[in-house]
Structures are given as C-alpha cells and as structure tokens.
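Dear colleague,

Please find the structure below. I would be grateful if you read the notes with it open.

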Amino acid sequence: MSRWGRKNVKKTPEVIRTVTEGLKSLYRKKLLPLEEYYGFHDFHSLSLEDADFDNKPMVLVVGQYSTGKTTFIKYLLEQDIPGSRVGPEPTTDCFTAIMHGEVEGVIPGNALIVDPNKPFRKLNPFGNTFLNRFQCAQIPNQVLESISIIDTPGILSGAKQRVSRGERKYKGYDFPAVLRWFAERVDRIILLFDAHKLEISDEFSEAIGALKGNEDKLRVVLNKADMVGTQQLMRVYGALMWSLGKVFGTPEVLRVYIGSFWSEPLMVTDNRKLFELEEEDLFADIQNLPRNAALRKLNDLVKRARLVRVHAHIISYLKAEMPSVFRKDNKKKNLIYQLPVIFSKIQLQHNISAGDFPDCTKMQEQLMVHDFNKFKTLKPNLMTALDELLSADISKLMPLLRQEELEAGDQPGVQGGAFIGTRAGPFGEGDPFLQENGEGCEEEEDWVVTKDKPKYDEIFYNLAPNEGKLSGNKAKDWMESSRLPNSVLGRIWKLSDVDHDGMLDDEEFALASHLIEVKLEGHGLPPELPTHLIPPSKRRQKGSDA
C-alpha cells in the first residue's frame, strides 16, 4: 500500500518568481554538477555562489596610474572614499570595493571574504598577499544604494611591475587573474585613459588582455580632455582609437567617452558642450545598470555554460586518447602539443563555434600540471542536462525577464551624487542648463550668505534682472563663467531655485554665487539645503504656507 502511495506522489514543480531565482536554480541543478565533474574550476573561474546572483550591479574601474580613477569615483559619488588618496604619483595600491553601508568604515580583505552576503568569498585562492591588498570601503551614499564600484591599483610600466614575460605577478599575486575574476562578475568595466598619457605599455596591454571575453561590458573614457585644445583633442582621440585597435585586435570600434571627470573648473572651455553631452551619455549608461542587471546575469550564465560544454568535450577527449598502461607521459606531451588540432576536431565533430573555445596557449600551460588519468569520460546525462539548459530552460525565463524589464522601466535607475545634475537625474526638469522648469530643496536659521550679499548684489544688478528676477539663460551664462562642469552647476541651480519658479531673485542669486565659491574652494555640495543656507524671505514664505 505504501509502495503504491509513493508511486502516485507527484513532485511539486518549483515556482520561479524572479529571473535571478531561476538562474540560481539552473546553475545549482544543471551547470554546477558538470563543472565539478570535469574540474572546470581548476582551469577557468571558480564556482558561483548565491551572492554572485543577488549582489547589486558592479562597476570595475581600470587604468594606468594617475589617469584619475579614484577622482572619477569621487566625482560620481560626490563624497570622499575612506582610506583613499589622490596624487600625480601611484597612490592606489590595492583593490577597493566601494559599497553602501550605514556606517562609514573600511573592511580588510581577510574579513571580507568570509562574509556570505558579499560576492567576494571565492577570492580566497589568490592568497594572503592579495587579500592584504584588498579592502571594502563602506559609506552611506545614495549612488551606492543601486551599484557598487571596484577601484583598482594603477598599472605601472617597466621593470617595477611584471605581469607578463614569465613573471605573472604584481606585488606577489597574479594581477591579470584577479582582474579577470572581477571582469567576469561585474556589469560594467570602465577603462580610463589620460589625454596626456596615451601610450599602452606591455603591462597595461597584458591587463587589458585579462578582460578578453567581456568586451560587451567595456566602456573607454578619455579623461582630463579639458587640458588640451580642440585640434589637439582630435589628434589625441585618433591616436587612442588606433592604439585600442591594436590591443584588442578587432575592427569593431569601442565606445570612447571624452570629458573631464572631476569637480574642478575646466582648464580649456572650448569643448564644454561636447563634454556635457559625453558625460550625459556615460551617466545614462551607468544609470541603466540596475534595470539591465538580470539580463547581464542571464547573458553571463549562458556564456559560462557554453564554456563548460567545450571544457567537458576537451577533457573527455584527452581522457579517451590516453593509453591505459605504458608511455603515458609521452602521450600527455603529444596531446598538449596537438591541442590546436584537437580544438578543431571537437569544433567540427560537435558543431561548436570557435568563439566558445578557451585560449589555447593558456590551456596548454594549465594541462602541463594536471594528471590526465584523473580526467573523466563524457557523461551523457550531464551533457543532456546542459543542452536542455541552453536550448529550453533559459528561453523559459525570457517572459519573466521582459516582465521585470517593463517594471524596471518606471524606476529612475542610479540616483544621487553627480547624477543629480544630469538630464537623466531626478531634477532633469527645471534646470536652465536644460532650458526647462523645475524643483529644488528647503529648510531654516541665520543666513551665512549675508556678509557677502552686497558683492553678489552688484553682479546681480549688472546682469539686468527683469522685475527683480534673472531668467535661467542669463543666470546660466554667468554661472558657466566659473568653468565648473555642467553637472555641478545643475546641482547648484537646483539648490538655489528655492521657490521652483525657474528664475533667481537677488537672494537666490547670492545663494548660487556662494555655492559656486564653496565648490571652487574644493568643498562638496549638500544633498539638501541646510537651515543656515535657506534665504530669509523663503523661510517666511514657508512659514506662511504651513
């Protein structure tokens, strides 16, 4: 009776509510068993954990030393990063994960890799030398509520840092391998170049090579472009494109964003409009990362599954070719030497694209230290499950993905920091830099601008206000004379237009002038107007409204 009862019990189908949930389930049930059976993790990337699927989108910032990587991140966040230092010499000597946290602080690498909620546990094999140069800076920042950012050590050239030519070490750890690990897991890779230092050293070229296979995530930024004139900038841009073509070895042109990504005044203002448009495009790309996160994870899992399939065929082929008793070492050497031919045979026999195969030279190096007798033959049921994952299971998630994309379309994306002053930001309307009307911020106390108001009043009345108010376009022309980036000026406008009428009266103009001076002195802007900055008449207005 009990046997009959058991026969009639039906398995309850697993209910998948999100794409991320579905991907986790597929990986654990169909891909991970195959990876473990054929030793995929010994040759390629380590296994994935739940945190790899659940974490926020990540942005990896890479570049040679003194290209402005840390300054670029500070510009995005509008906030200093704990433990960071900026200078013309190499200052960042460790990998820093910049993430959201309620309390500001720095978590060292060895403590970070034991946290199951962080996607860094699989960095443990890179050893203590690397972990001593890995840290997480946690800060309460609105931008980091949506994304995390990885700052990397500046890449030097010459004998001080060898990442190729026989010694693949950077200060005691395999720098390209760590870079590759991050590149496989992040959503966007930003490659920074300095307009004055375009040469791509062998070391930097090797580091870029570690990003191979992730070209879809790459965005190139030509930074510090305000330090050259228009004619020189055209030559610099052309030289950069030529250099990138050589390094990537592809006719496809990478997207290059030109600008000066810091909060200081522009040195040469000739290309201000170009920088503004380029910055908006780059910021829009970053702002969309949370919306496209599920699609990126799905894409990366498919890419991984295709590599696992190829790996299984390679390992099983090598196992089948090995003799059972004699001349094993000679046969192993011969098979490693013949690996390019073996790749071609597998490609034809199983109808697999050449683009799915790993780097042949690298795999030949790895096979030297492996015992071929421990390799496994092809297991049909595991391969059938993998084929099912690629042909049917992933396609079943597509309706859910489209539904999530529609829901995410109503969300604003990454907010806060430098994104506030852009067109795509929450204050896109009402900005004279965008020639519309808009919104601002508020509060109450003693007005700190009073002592400098006579000076600002003189400028205000020289600009010929109409009925006691300056139009957005008139104020814009004067504000741009400060040479501050438009994203910064956009934030200043939002804070200064307290009554949201798209114009500035004498008090609002004085406030805007004060904020410009504060910014030029190197201080940050408040997310909202504190009490002591709200003009007195606006406080009274608020009181009567209440």
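The notes that follow concern the aromatic rings and one proline.

The model is predicted, so local features need pLDDT of at least 70 and side-chain atom pairs pLDDT 80 or more, while totals for chains, interfaces and linings use all residues. Residues are numbered from 1 along each chain as its sequence is written, and side-chain values use heavy atoms, with hydrogens and water left out.

**Aromatic rings**

The whole structure holds 23 aromatic pairs, meaning rings of Phe, Tyr or Trp (its six-membered ring) with centres within 6.5 Å; planes under 30 degrees apart are stacked, over 60 edge-to-face, and the rest tilted. W181 and F182 form an edge-to-face pair, because their planes stand at 85 degrees, with the centres 5.1 Å apart. W181 is buried at 4% relative accessibility (buried is under 20% relative accessible area, exposed over 50%, partly exposed in between, with a 1.4 Å probe and protein chains only). F182 is also buried, at 0%. Both W181 and F182 belong to a cluster linked by ring pairs, which also includes F95 and Y173.

A charge sits over a ring if NZ of Lys or CZ of Arg is within 6 Å of the ring centre and within 35 degrees of the ring normal. R255 has its charged end over the ring of Y257, 4.1 Å from the centre. For K376 and the ring of Y37, the distance is 4.7 Å.

**The proline**

P265 is partly exposed, with 24% relative accessibility. Its contacts (heavy atoms within 4.5 Å) include D226 and L520, leaving aside residues up to four places away in sequence. The C-alpha atoms of P265 and E480 are 9.6 Å apart, although 215 residues separate them along the chain.

Yours sincerely
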